[in-house]
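Me: I am new to this structure and would like to understand the terms used for it. Could you take me through them with care?

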Amino acid sequence: MGHQARVVCSLFFLMQVVAEPTENPDFHLPGDYVLGGLFTLHANAKGIVHLNFLQVPKCKEYETQVLGYTLMQAMRFAVEEINKHSGLLPGVQLGYEMVDVCYVSNNVQPALYFLAQEDSLLPIQEDYSRYVPRVVAIIGPENSEATVTVAHFLSPFLLPQITYSAISDELRDKRRFPAVLRTVPGAHHHVEAMVQLMLRFRWNWIVVLASSDDYGRENSQLLSERLARSRICVAFWEALPTPQPDQVVTRQERRDLTAIVDKLQQSSARVVVVLSRDLALRNFFREVLRRNLTGVVWIASESWAIDPVLHNVTELRRTGTFLGITTRSVPIPGFSEFRVHHAQARPPVSNRTSSGATCNQECDTCLATTASFDTILKLSGEREVYNVYSAVYAVAHALHSLLRCSRTACLKRVVYPWQLLQEIKKVNFTLLGHRVFFDQQGDLPVPLEVIQWQWNLSQNAFQSVAVYHPAQRQLKDIRPVSWHTHGDTTPVSTCSEDCQPGQRKQAVGTHPCCFECLDCLPGTFLNETADAFDCQPCPPNEWSHRKDTSCFKRQLAFLEWQDAPTIAVAMLAALGFLSTLAILIIFWRHYQTPIVRSAGGPMCFLMLTPLLVAYMMVPVYVGPPSVPTCLCRQTLFTLCFTICISCIAVRSFQIVCIFKVARHFPRAYGYWVRYHGPYVFVTTITVLKVVIVTGSLLLTTTSPTAYADPDNPKIMILSCNASYPRVLLFHTSLDLLLSGMGFSFAYVGKGLPTNFNEAKFITFCMTFYFTSSVSLCTFMSVYEGVLVTILDLLVTVLNLLGISLGYFGPKCYMILFYPERNTPAYFNRMIQSYTMGRD
């Protein structure tokens, strides 16, 4: 036996205990094709202890539900309107069979009743594709729990079920509920509308109260997941106690309600979202009024957003502002009159027993109760009525297609449930100016409305203040809200006040909505769109002040021609260049004189040429650094200076060799002279320096770098190398060694003839170079900035001047002003005097 057969077997045995009481003509209309209707005409709080498992509940013993009776009248109105206007189903009479399900207490018996045939029997078959139940489709029931229960019975038969207010997302699963369709958006859209409402008014600190049933738990879970993506925090969640069937408050329920209201009074959250059925709220709001809780914005879920009984408690206006999420209001011409007058004109209830009747098809108090709320129902536009109205018309349009109706007649034939279900899913028509069609999940994507409760008898009791469009998932058409606050200002419900621009949030406790505000420090800024809890650092070339929301470009610092220090150094470099050029010309013109020969002869030009090149490189220190200028700084300067220092060192060594070493080591001195020792030495030192410079270039970079001035972060210092002090020390290490050698040889030769004694000049040059280089490296290790660049350039120029004027200056002075001393005879006399003195 198949799965469907086993299910039907179970249903068959259940149906044997179903009674068949009297039939009420308000609930039944014969027709060629009958629609089933499940409505909540009576209800009590969900409970099982008061039910007898072997008896169908007597719904009339429960409290009358005004909205349920109104929705049932909407189905009657739609069916009778279709029958009167033969354009949709010409020659076809639609019928209806409606049952009171009394909320969730009476779901199984009506489902079995509709599935059975006219003889109240449900045959056991292997294949139900040709089975014709009592009704061709079912409208209802109202809530998700009842809808799921009924759907489990109807799905194996693919009997179409169109619910008008069950919003559970569980019903979107077409593998479990293939025959369920809805004329109302799903729960996720209702939750989205709530969240967008809170975001619209900047409420991020709320309280959530939910009923202790499946409705409360499922919607709380959806709301929690959505709030997690919206930075809206929940101060606390509470489950409302389930009231007794007779609404009598027990001691435990009183304690629970008192605790909830106490927390509401103590909380700083002024927005309360209530996800509950109306039956669980009566005692709660009585406690709210008893404790005089005021100043609250109540956000109602669709289950009680337009409940006329709660709205009739006018004292609730003292507690704050009531907002709710519900379906749009679509006026149905003639329905308000039908609802009252048609019921008043109905015939007396028949006492006959019929085999086609079922229980819970009576409502003695419905008309009187509805009449007492007639004004509020009319002014509110009788919301949710259109949901039932459009469901009936969807079935009618599906029948129109299935029966191949023309303008005058329809082809009457047997309609199987699965055939009608396929046609209902394909309907697409306009009803009262609104499109009616079902999406892939079986939902009718109609807009939702945010309504505000009003107690002015001349106004709509449920005034629309915004519209939520499911297709765009946006809240639009927002209108002013009448707030309960002084001056009609928008209520504030935040755990912490908004931070000022440029302040980040420091979380306090576990809620991200509770925070303290801290200023963003200089060099950081706050980008709230990215992260309101952390200040982002500025890019390297930008800076910011305290509490800034953006960064600004840093001022670039480098040597500029208009700066006074640059002008001074440039003038010194020009002086050095001209003086060196003059020295070169003097030495060239007096090349054969003893002074030039004793100074080194050709080696003098080897020293003077790099000096000129070095002076010419001074402009590369001025202006923004670039790769070529940085390359010149790190190569040409140091190479030129090394050549000069090596020439001085070898020159001082050579003089010592002539007067003190040659006599003791004639062979060694002979090799030194024969193989041009001075030039070999200079070449070797130069090659070694080239290797050092090349290695440093490979290990570092020649690209300009920028770093913040430690004394003024608003300034970015442009430099050729961030590790320039270490590179400079590495480059000058060889030069310092050479200067030490030159100083030592000059000191050894301090007793040589006056014309050859260069100890004073070399000592001056080398001592100045040594001390200045060490001082510059020390200064660079403790200070960073443009001053380092200018000092580096100044020390370099002074060292060049020291060589140009300190070493060559005295010789030029002797050549120009004492020509009599620049003769071979004078030099020979000095050498003879030195030799005789030693002897």
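Predicted model: local features only at pLDDT ≥ 70, side-chain atom pairs only at ≥ 80, totals over all residues.

Me: Why are H5 and H6 called oblique to each other?

Reply: The axes of helix H5 (residues 187–200) and helix H6 (residues 214–227) come within 10 Å and cross at roughly 50°. Angles under 35 degrees count as roughly parallel, over 145 as roughly antiparallel, 65 to 115 as roughly perpendicular and the rest as oblique, so H5 and H6 are oblique.

Me: Which residues of H5 and H6 meet?

Reply: Counting contact as heavy atoms within 4.5 Å, Ala187, His188, Val191, Glu192, Val195 and Met198 in H5 meet Asn219, Leu222, Leu223, Arg226 and Leu227 in H6.

Me: What makes asparagine 143 buried?

Reply: Its relative accessible area is 1%, and buried means under 20%, exposed over 50% and partly exposed in between, with a 1.4 Å probe and protein chains only, so asparagine 143 is buried. Asparagine 143 lies in the loop between strand E6 (137–139) and helix H4 (144–154).

Me: How do you know that histidine 190 is buried?

Reply: Histidine 190, which is found in helix H5, has a relative accessible area of 4% and is therefore buried.

Technical notes:
Residues numbered from 1 in each chain as written. Heavy atoms only, no water. Axes fitted to C-alpha atoms, helices over the stretch in contact; angles between N-to-C directions. Helix = DSSP H or I, 4+ residues; strand = E, 2+ residues; numbered from the N terminus.
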